[in-house]
Amino acid sequence: METKEIIIIGGGIIGCTTAYYLSQHIQGPRTADELGPPAAGLKITLLEASAHGPAQGASGKAGGLVARWAYPKEIVNLSFDEHVQLAEKHGGAERWGWRYVNCGSWEGRGEALDLIELDTEAQDGAATGKSLEKTLGLPGGQKPAASPTKRRASGLPHDLDWVGEALTDSYTPMARSGDTAQVHPYLFTTSMFELAQARGVTHIHGRATTILQNKGRVTGVEYVDGTTGVTATISATHVVLAAGAWSPTIVPSLPIAATRAHSITIRPKDDIAIAPYVLFTEIRGPASASSPEIYARPDNEVYACGTGDDEPLPRTVDDVVVDPAACDVIYAQVASISRQLRAGTVEKHQACYLPSVSTGAGPIVGEARKIAKGLYIGTGHTCWGISNAPGSAKALTELIMDGKVTSANLKKLDPSVILL
């Protein structure tokens, strides 16, 4: 078997999950109860710029939604099924918070609050910010019409008791039971990395600068060592570029745009139990409307995020700046419809950059033969990187190890189509 030296650039969800799938590749017949040894002649290295290791960007700070109604359809079902299998195989419920959740659209009024003094500019920015467009995967890109059967006048389920019933105008389920799940993104990403390391994947702390090639084929990667600051090179027969929003800093021709998104986590009081719901909200406040997303997590933590902005991308993920005022706005929005969350403690203020394909297609998954043979791209997953990572990783692994994708038809996501 041909020796393969594979360098994966980026320790986010795509990079770590691809490292995992590559490390699971075995020679000979595969059995359900025995993994067998790693493929012979296979060396896998994960190159990550952050001094803190993998999952420091969007892969650690996202909501962690996994949905069959996500997009693009070419990869959604494959990824969802892979999520289910990974959770069953590795104890995902305990290890990374895998569970099925209810998902709905909530509309109503927010109470006027004097909890914090909000920055006026931040409030205006939240009202006019960039939508993360997570509901575009639903039919017609719209939220579904109101359900004809309602358990309450507003449709609010009885167990969804952590939002104000008197403030609720309507609640509408957004997907069928079993079509929406969640993971804790940081725990899922780092688990994939740890499982890959256990199968021999190595890790280098360094910032990739150039993909080296000779006669149209990749030969290695040049990077700045994160410890010494010295420029070094590492040889490669295959390179997987999975650096998210930072991918164009390495391959400038990639049409990847970056959107900064803020989020917070809230810890309710110990005697408050938060039912497992993900809410896409439309809140009419005293001054303006807002639409934060709210995710209840298995450990009773609650995650909430707002709209995005166009703050320029910094040099590395460790240089991302958090705007406290933007986080305060998210808290005020969420607290205006939930007394339980209002009484909780905000534990994290955070920001990350989501990568999207600026031409409107994407994500980009496949071999970028127009740039160099042996160069594989896995980026541009927008807000669905966590959900679509296993399918992307499986496809990239099939391409590298077997020469073709057999698990799904990803021709529309191929770099040869998107990189015109």
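This is a predicted model: local features need pLDDT of at least 70, side-chain atom pairs count only at pLDDT 80 or more; totals for chains, interfaces and linings use all residues.

Trainee: What makes α1 roughly perpendicular to α3?
Mentor: Helix α3 spans residues 73-90, and α1 packs with α3 at an angle of about 70°, the two axes being 14 Å apart. Angles of 65 to 115 degrees count as roughly perpendicular, and therefore α1 is described as roughly perpendicular to α3. As for handedness, the crossing in which α1 passes α3 is left-handed.

Trainee: Which residues meet where α1 and α3 touch?
Mentor: From α1 come Tyr 20, Tyr 21 and Gln 24, and they meet Glu 82, Leu 86, Lys 89 and His 90 of α3. Sorted by class, this contact of α1 with α3 holds three nonpolar, two polar and two charged residues.

Trainee: Why are α3 and α9 also called roughly perpendicular?
Mentor: Helix α9 covers residues 385-402 and packs with α3 at an angle of about 95°, with the axes 7 Å apart. The class of roughly perpendicular runs from 65 to 115 degrees, and α3 and α9 are therefore roughly perpendicular to each other. On the α3 side the contact includes Ile 75, Leu 78, Glu 82 and Leu 86, and among the residues of α9 that take part are Ile 386, Ala 389, Pro 390 and Lys 394. By class, the contact of α3 with α9 has seven nonpolar, six polar and two charged residues.

Trainee: What is the strand order in the open sheet of eight strands?
Mentor: The order is β10-β9-β8-β2-β1-β11-β19-β18, and the pairing is mixed.

Trainee: Why do β10 and β18 stand at the edges?
Mentor: Strands β10 (231-235) and β18 (364-367) each have a single partner strand, so one side of each is left without a neighbour in the sheet. On average, neighbouring strands of this sheet are turned by 30° against each other, direction ignored.

Trainee: What about the pairing of β8 with β9?
Mentor: Here eight bridges join β8 to β9 (residues 217-225), and the two strands run antiparallel. Leu 212 stands opposite Gly 220 in β9. The two strands form a hairpin with two residues between them, and Lys 215 in the turn has a positive phi of about 55°.

Trainee: How many bridges hold for β9 and β10, and what is found in their hairpin?
Mentor: Strands β9 and β10 pair over five bridges in the antiparallel sense, and Val 221 stands opposite Ile 234 in β10. Their hairpin has five residues between the strands, and Gly 229 there takes a positive phi near 75°.

Trainee: Is Ala 208 buried or exposed?
Mentor: Ala 208 is placed in strand β8. Its relative accessibility is 9%, and since buried means under 20%, Ala 208 counts as buried. Leaving aside neighbours within four places in sequence, Ala 208 is in contact with Ile 9, Leu 47, Val 221, Glu 222, Tyr 223 and Ile 250. From Gly 10, Ala 208 is 198 residues apart in sequence and 8.7 Å apart in space, C-alpha to C-alpha.

Trainee: What makes β3 and β4 edge strands?
Mentor: They belong to an open sheet of three strands with the order β3-β7-β4 and antiparallel pairing. Strands β3 (65-67) and β4 (99-100) each have a single partner strand, so one side of each has no neighbour in the sheet. Two bridges join β4 to β7 (residues 180-182), and Tyr 100 has Ala 181 in β7 as its bridge partner. Helix α3 packs on this sheet, touching β3, β4 and β7, and its direction makes about 120° with that of β3.

How values were computed. Residues are numbered from 1 along each chain as its sequence is written. Side-chain values use heavy atoms; hydrogens and water are left out. Two strands pair if DSSP finds at least two bridges between them. Helices (H or I, at least four residues) and strands (E, at least two) are DSSP runs, numbered from the N terminus. Axes are lines fitted to C-alpha atoms, for helices over the stretch in contact, and angles run from 0 to 180 degrees between N-to-C directions. Angles under 35 degrees count as roughly parallel, over 145 as roughly antiparallel, 65 to 115 as roughly perpendicular and the rest as oblique. A crossing is left-handed if the near helix is turned anticlockwise from the far one by less than a right angle, and right-handed if clockwise. Contact means heavy atoms within 4.5 Å. Ala, Val, Leu, Ile, Met, Phe, Trp, Tyr, Cys and Pro count as nonpolar, Asp, Glu, Lys and Arg as charged, and the others, Gly among them, as polar. Buried means under 20% relative accessible area, exposed over 50%, partly exposed in between (1.4 Å probe, protein chains only).
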